[in-house]
Amino acid sequence: MLLNEFLTQALLKRKFLLDTLHAEGTTAYRLFHGIAEGRPGLTIDRYGTIIIVQTFREPLSGDELGSIEARLRENLSYSFALAYNHRGEKNRSSESKNTDETQCQEFGLNFLIRAKHFGIDPWLFLDFRAGRRYLRQNVEGKTVLNLFSYTCSVGVAAAASGASEVWNVDFSRSNLEIGLRNAKLNQIPEAVFHTIDEDCIPVMRQFAGIEAG
């Protein structure tokens, strides 16, 4: 099956990278990026003990999903639960063998993750790791304003790296609650880590001293 060949190649190419990530305490990363690896519209991501398969165009058949799971189990040395989410308009669905809340790690920090929840985005955005890595190296002693903070992964990374104060702003209270739990999970002091349940634009104007228009 061509998809299995693409997946095998992707895993082989990542071996050195994954060894490096594991060494720095990271268990959340992309295993397969379809648009660059032969199957546009398909991604496969690890989040600790969960692997989330997502499709954005055509949904996978049961046989395809089963074949992907089998190939992953042949090539990965750790146990995992598999979840599948189809995010396209056609036959949109979400099914999971395990929807329990668990944790994944990035740079040794712990983040909550759930394969299936009230939204469709994973609680940790993998594509912003470079940003969080930058913050780890540049925020000591500084105040950080984290806008559109979602579950506050940026705020957690900043606070854990020595920021004197972190303000996380998002319109969703439920997302911020997950962020507060992430902060507590990493023993970040309450005096350092703050959340504002509000639209980001008026908050930015207020912090900048600009009157509401």
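D121 is partly exposed in this predicted model, with a relative accessible area of 27%. Elsewhere, E101, R114 and R181 belong to one network of salt bridges that share partners.

The whole structure holds 13 salt bridges, including those tabulated here.

| Salt bridge | Closest N and O atoms |
|---|---|
| E37 with R14 | 2.7 Å |
| D45 with R30 | 2.6 Å |

E37 and R14 are both buried. D45 lies in strand β2 (residues 42-47) and R30 in strand β1 (residues 28-33), so their bridge ties together parts that are 15 residues apart in sequence.

Turning to the rings, a search of the whole structure gives 3 aromatic pairs. One of them joins Y78 and F80 edge-to-face, at 6.5 Å centre to centre and 70° between the planes. Both residues are buried. Arginines also contact these rings: the charged end of R46 sits over Y78, 3.6 Å from the ring centre, and R73 lies over the face of F80 at 4.0 Å from the ring centre.

W167 and F207 form another edge-to-face pair, with 6.3 Å between centres and 65° between planes. W167 belongs to strand β9 (residues 165-170) and F207 to helix α8 (residues 200-207), 40 residues apart. W167 is partly exposed at 26% relative accessible area, and F207 is partly exposed at 47%.

Note on methods
Residues numbered from 1 in each chain as written. Predicted model: local features only at pLDDT ≥ 70, side-chain atom pairs only at ≥ 80, totals over all residues. Heavy atoms only, no water. Phe/Tyr/Trp six-rings, centres within 6.5 Å; stacked < 30°, edge-to-face > 60°. Buried < 20%, exposed > 50% of the residue type's maximum accessible area, 1.4 Å probe, protein only. Helix = DSSP H or I, 4+ residues; strand = E, 2+ residues; numbered from the N terminus. Lys NZ or Arg CZ within 6 Å of the ring centre and 35° of its normal. Salt bridge = Lys/Arg side-chain N within 4 Å of Asp/Glu carboxyl O.
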